[in-house]
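Subject: Structure for your review

Dear colleague,

Please find below the sequence and structure that I am handing over to you. My notes on what was found follow directly after them.

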Amino acid sequence: MFKVIFRKDTIQQFLRIVETICRNVPRPLTLPLLCCTIIVSKLLNCYKSKSYHLACPMPIQHFSAVHPQLICKWHKSNSFILPRRHSSQWLQQWARRSNLRSRLRKIGIVLGGVLMCGSAVYLEVKMLDENLPSFNNVSNMDRRSESKFSQSFSRIAAILPWLMSQTNDHWNLLKLAQSESRLARIVGVKRLVQRSWEDYEYREIRQAADYRTFIGLARSENADMRFFRKPPQITDTKKELLTELRELLASLPVTEDPCVGYFTSAGLQKKETRDLGRLFWNLENADSVEDLNKDNAANSELSILESLLEAILRQSVIGNNTVEIVQKGGLALLRRSLLSYPGNVHLQQLCARILGNLALLPETHERIVQSGWVSILVKWLKSVDIDVCLNTARALANMDIDSASAMYHDGIYVLHPIYRSKEPIYADVVFVHGLLGGPFKTWRQGGSDQKDIAELEESISQGLYTRCWPKSWLPQDCPHIRVLTVEYDTYLSELSAICPFDREKRSLFVRAKLILQKLRKAGIGERPIIWIGHSMGGLLIKQMLLLDELMERKVVKNSKGIVFYSVPHRGSTLATLWKQAWFLLYPSIEVKELDPDSLFLRTLHKNFQELIVSSEIKCVSFGELQKTPLGMRFQALIVPPHSSDPGFGMYYGIEANHVTICKPIDPQSLLYAVTLKCVQHWANQKLVDSVMEAGLSIEDQLVGIF
């Protein structure tokens, strides 16, 4: 702060108060305030003195820009001087050039400035009368009592958040992050993350922040871990973890969903569910060795714990039970589960998925933050395991109601962006996997089968391999998009179904209806949509669009294009092979619906073809040309070209089998290059349409935007 020298004793107190105000207001407000002070001083005939000095908390060149004739001179005392000669000449020239009307208008401006300055002085005097410290010393202030000045600060912050965020005081930014205005909270959190603080400042922010600020910090990229509190110690209840988990499950209300009751009963009775279908067939063969060698001992403590957490996961989908789980100590039990088996990735996946379901209700957010989960989720968000990372991203996105209104229900994951972003979103890209696929593993980079685990991990660390190319490649090559992926359970045999009561729910029609409802809650239909489906996922996309056509039509209207990877439009060979072993393997409803002779498939394709023509949705299809290993030295062309070619749109035959058809080897491969070109064109179609409607060239439109 610059030194202040007063030559006029009559206004010494007045200028001292102005100096105090200048220290506390943000820099953009300092220049107008000093200008008002000079005008007031001239009205009081203060300019008759040779010179006067004012404190200036801002660079002097900004003050000199008020008028080119205001020549400011520097002294070694770090103060600046406004010579009387130049300021009086400026006033005389201003008075000569102005007519009466102009003078009256400028006098009104001067009086307005006087009123503003007087109001600020009055507020500061009130603060001095109440012996309150200035905002520079607010850390010593009793935070339990707020002054009228701080309340005025909050109101100004709600109206002008960017202006108030220019301060370097962490308490002011924290007030901004906790204001009643949603925009002010977003700006406050952003400024807190952008600046580097001292350790004691991190500690004060950590102690005084509310739960919404912690959620915003957790959703901010590159947020320092010193912002977050360490998880509190868990109270020792002198009960075993498994016993408390069983008591929690037994206390939850009975639901009408038979599968929820089945998993609850399995957890309470120490039963274990197994996926026997993978012993026979495994189309996603990367995980076959791990699955077959996994220890499934029903009496092991870890297996029982996983079964109980799986039951809690199913219960957390039901809205009424969500609050019950939180109120009855479920959050602490989840932390105890992690502490019992530190580093267990499967337990981390289950806990993150449960938290994602609990976060769907806003009333649970504060309890989740208070129980210490935020700091754990921030670490998991940077996990190398993609299942843990994206389940965590879903949980934090559901809690961050300030930055977005989309809610991601169980089975809907956001791949990009997983942090808060200022970039606008022009389109949504939705990935739907196929039979025996997954939301992440279906979309991994090709070539992983030829690498061992150590070589694969080294390639991932060097950025040469990705476990999910829609997350790693697509946002970099096509910015301003949101990437989502869908998850649902599928089986080849009814013997391998983990719940024997959900057979009808797994039909194509019912499943498409449920997924469409979840996607609408995630905001699908509000902007242009690009669909990408593999195998049975393409059939689900077709069914969802046909269902939406009979309802709101928002999804159909905004659907710009579809990419099909080996979609069995006219049936699959797999259904024919499975039919031959009917009595041995008992095919699932998913396999039955893929029968080449299925009347349902023919009707679905006919209706979808009519929809494509009426809605002008673009389609690009890829077909497999290689046979797929099915186990026991058996190979087959799962989806022949006559079935993968829908008969409309562009069609490409690819030298790949049914598993690798959706796994490009590298970003230069034909598979990814064509997909990227389609996404880029369809995502920018909204911009092109607006250009055509306005009658402008694309260059003119881009100039207007940027």
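A residue is called buried when its relative accessible area is under 20%, and exposed when that area is over 50%, with partly exposed in between. Please bear in mind that this is a predicted model. By the cut-off of under 20%, S598 is buried, because its relative accessible area is 11%. S598 sits in the loop between helix 31 (589-592) and helix 32 (599-615). A polar atom of the S598 side chain lies 3.3 Å from the backbone nitrogen of F600.

Overall composition

The chain contains 36 helices and 12 strands. Of its 706 residues, 50% are buried. The accessible surface of the chain is about 35,000 Å², and carbon and sulfur atoms contribute 54% of that surface. Among contacts in the chain with a separation of 6 or more, 75% are between residues 24 or more positions apart.

Nonpolar cores

The largest nonpolar core comprises 102 residues. Within this core, the residues with the most contacts are L192, F228, W373, W380, Y565 and F622. Setting aside neighbours within four places in sequence, W373 is in contact with L331, L334, R335, L338, C351, L355, I368 and W380. A second, separate core has 52 residues, including I529, L547, V639 and F648.

Strands and their pairing

Strand 9 (residues 618-624) is mostly covered, with six of its seven residues buried. Which strands pair with strand 9 in the parallel sense? One is strand 8 (residues 559-565), which pairs with strand 9 over five bridges; in this pairing, G561 stands opposite K618. Another is strand 12 (residues 650-654), which runs parallel to strand 9 and is joined to it by five bridges. Here F622 stands opposite Y652; F622 is also among the residues with the most contacts inside the largest nonpolar core.

Strand 4 (residues 412-416) is likewise mostly covered: four of its five residues are buried. Strand 4 pairs with strand 6 (residues 481-486) in the antiparallel sense, over four bridges.

Salt bridges

The structure holds 23 salt bridges. One of them joins the side chains of E487 and R353, with an N to O distance of 4.0 Å. E487 lies in the loop between strand 6 and helix 26 (508-521), and R353 lies in helix 19 (residues 345-358), so this pair ties together parts that are 134 residues apart in sequence. E487 counts as partly exposed because its relative accessibility is 23%. R353 also counts as partly exposed, at 21% relative accessibility.

A further salt bridge links D428 and R482, whose closest N and O atoms are 2.9 Å apart. D428 belongs to strand 5 (residues 427-432) and R482 to strand 6, so the pair ties together parts that are 54 residues apart in sequence. Are these two partners buried or exposed? D428 is buried, with a relative accessible area of 0%, and R482 is buried, with a relative accessible area of 6%.

R503 forms a salt bridge with E494, and the closest N and O atoms of this pair are 3.5 Å apart. R503 counts as partly exposed, at 31% relative accessibility, whereas E494 is buried, with a relative accessible area of 14%. R503 and E494 also belong to a network of salt bridges that links E494, D502, R503, R506, R511 and E590.

S643 is located in helix 33 (residues 641-644). S643 counts as buried because its relative accessibility is 1%. A polar atom of the S643 side chain lies 3.1 Å from the backbone nitrogen of R570. Not counting residues up to four places away in sequence, S643 touches V567, P568, H569, R570 and G571.

With kind regards

Methods:
Residues numbered from 1 in each chain as written. Predicted model: local features only at pLDDT ≥ 70, side-chain atom pairs only at ≥ 80, totals over all residues. Heavy atoms only, no water. Helix = DSSP H or I, 4+ residues; strand = E, 2+ residues; numbered from the N terminus. Buried < 20%, exposed > 50% of the residue type's maximum accessible area, 1.4 Å probe, protein only. Polar contact = N/O pair within 3.5 Å; in protein donor to acceptor, adjacent residues only side chain to side chain. Core = buried A, V, L, I, M, F, W, Y, C linked by side-chain atoms within 4.5 Å. Contact = heavy atoms within 4.5 Å. Areas by Shrake-Rupley, 256 points an atom, 1.4 Å probe, with all protein chains shown as cover. Pairing = 2+ DSSP bridges.
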